[in-house]
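User: I'm new to this one, so could you take a close look at the pockets for me? I'd like to hear about the space in them and what lines them.

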Amino acid sequence: MSIEEPGVSARRKRAAADTRSDDDAHLEALGYENQFERKMSLSANFALGFVYLSPMVSVVSIFALGLSSAGPPAIFWILLIGAGQLLVALVFGEVVSQYPLAGGLYQWGRRLWGGRYSWWMAWIYICGITIGITTTALFSSDFIASLFAGTASSPSVTPTDGQRLGITLAMIAICLAVNLTGTKTLARVSQIGLACEVAGIVIVGLYLLIFQRKNDFGVFFDTFGTAGDSPYFFAFLGASLVGLYMFYGFESCGEVAEETPNPARAIPKAMIMTVVFGGLFAILAFAGYVLAAPNLQAIVDGEDSNPIPTILQDSIGTVGTKLFLISVLTAFVAGVMGQQAAVSRLVYSFGRDNMFPGAPFFAKTSKRHIPSNALIAVNVVPVALVIFVFFEPGSQFRIAAFQMLAGYFAFQMVVFAALRMRLKGWKPGGPWTLGKFGIVINVAALVYGILAMLVLAKPSSDPGLAFYDRWIALIGFLVVAGVGLAYLLIAKPERNSTAPEGDAIEVSERLRSARNR
């Protein structure tokens, strides 16, 4: 053992202490005292965002929908949406670098614009993520059923409505219980989930591409008749959820900013890594399944609504399929936990600023330094929605449609607020910035976001659906947004808060001056 090791260890401890001190000083400069423990490293923060985005879960959840809508060319939505969301992540990176606060989007909107603006945005976003917990847990039921009940002759199992109810409620309850043990556990589960995602996608995906390819690469330019008598553009547009559903969750890296060391530098990197690597792994997984599918036409025709277990059984056998499904289950658990953590920190931050009735209750942290009251509360609505889906089985995708539009709208409220503040003279004051490219990227992110929302809000092309079902995403969004706006205008909750708002230019100048001393 080297005699220098104790000295090296001491220097590392002093460096870590200095980092914590700088982080707390930055937090105090923004008007808050640290109530959390900074136990989420850069790798853990990236893992949290990655498993929330979860390319494995996203691909297995929407693979059949994408193929039945537009055939194998649906894979190109991963590239298109990934590029657009990367622009959004870059804008978020500049904002979180200046405002590394728990609550993410709510705090960014408040400091870039004001309390009323951020209240309405946070209301919509909280509703969106809360439903995200519901849909992710619901999507897990088919794969959990296949894991425990699937056989070599019938690897794909569709659970009964009662089984789906029990599996989903158990998933939510287990994730909540583990989340309540603290940030350190959340970080570990996120890292385990990341390892399972990487192993499941890289190992299985490459194996399928190299050894089990049953279709040639030309299928990615074959529509398999999905357009019918209409222009293919409309069929391709119908598969947009392949990308839109997937690139969602990188913002969770910022929700736990007060639990991450050196968040002003670490979190922008984590968000960008989440989008880039999430997209690359998703393409690998999607391509592997398409090329290894023994009967691609049956999937495109909608005859197999849960084709992944069948593809795996045909390619890697029963044992390999079970191991893969264990990885999928781990990814689902990590994903639900990440969503629970993200929305609970947002509700905590909302409550800390006294922005709704009973706020002090939700602003409390437990002995484990987590917002346990908020964490428990955000799971009440998902449980109620799961029970509702039990009685209305066809409502699962209706709920998911609203979720995505709400999330993208909240994203663009931040992007728009950042652009407005730039035009007023704001130059991001965090240590991570885009420099002279900032405004160009900001404008491009806003244009992309508007186009994405238009795609999400469009009605279903199925003429057999009722008017309500065809426009469900927009109707659901308008109801939630309208209720929130009505409450905001009548109750004026922002009047109860004295937290800072609209101070982006002032804070930027103060932080820049502090670094130059």
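Analyst: Let's start with the word itself: a pocket here is an open set of grid points with protein on both sides within 12 Å along at least five of seven lines, and a lining residue has an atom within 4 Å of a point. Keep in mind that this is a predicted model.

In the largest pocket there is about 1,100 Å³ of space. Its lining takes in 36 residues, and the closest to the centre are Leu-65, Ser-69, Gly-238, Ser-460 and Ser-461. Several helices give two or more residues to that lining, among them H3 (55-70), H9 (232-238), H19 (438-457) and H21 (472-491). The top giver is H18, with five residues. Sort the lining of the largest pocket by class and you get 22 nonpolar, nine polar and five charged residues.

Now for the second largest pocket, which holds about 770 Å³ of space. Here 28 residues make up the lining, with Trp-123, Ile-126, Cys-127, Thr-130 and Val-381 nearest the centre. At least two residues each come from H6 (115-149), H14 (308-352), H17 (380-391), H18 and H21. This time H21 gives the most, with seven residues. The lining of the second largest pocket splits into 23 nonpolar, four polar and one charged.

One last thing about Trp-123: ring pairs also link Trp-123 into a cluster with Tyr-106, Trp-119, Phe-350, Phe-356, Phe-361, Phe-362 and Tyr-487.

Technical notes:
Residues numbered from 1 in each chain as written. Predicted model: local features only at pLDDT ≥ 70, side-chain atom pairs only at ≥ 80, totals over all residues. Heavy atoms only, no water. Phe/Tyr/Trp six-rings, centres within 6.5 Å; stacked < 30°, edge-to-face > 60°. 1 Å grid on protein atoms, 1.4 Å probe; cavity = no way out; pocket = protein on both sides within 12 Å on 5 of 7 lines; lining within 4 Å. Points joined across faces, edges and corners; volume = space filled by probe spheres on them. Helix = DSSP H or I, 4+ residues; strand = E, 2+ residues; numbered from the N terminus. Nonpolar A, V, L, I, M, F, W, Y, C, P; charged D, E, K, R; others polar.
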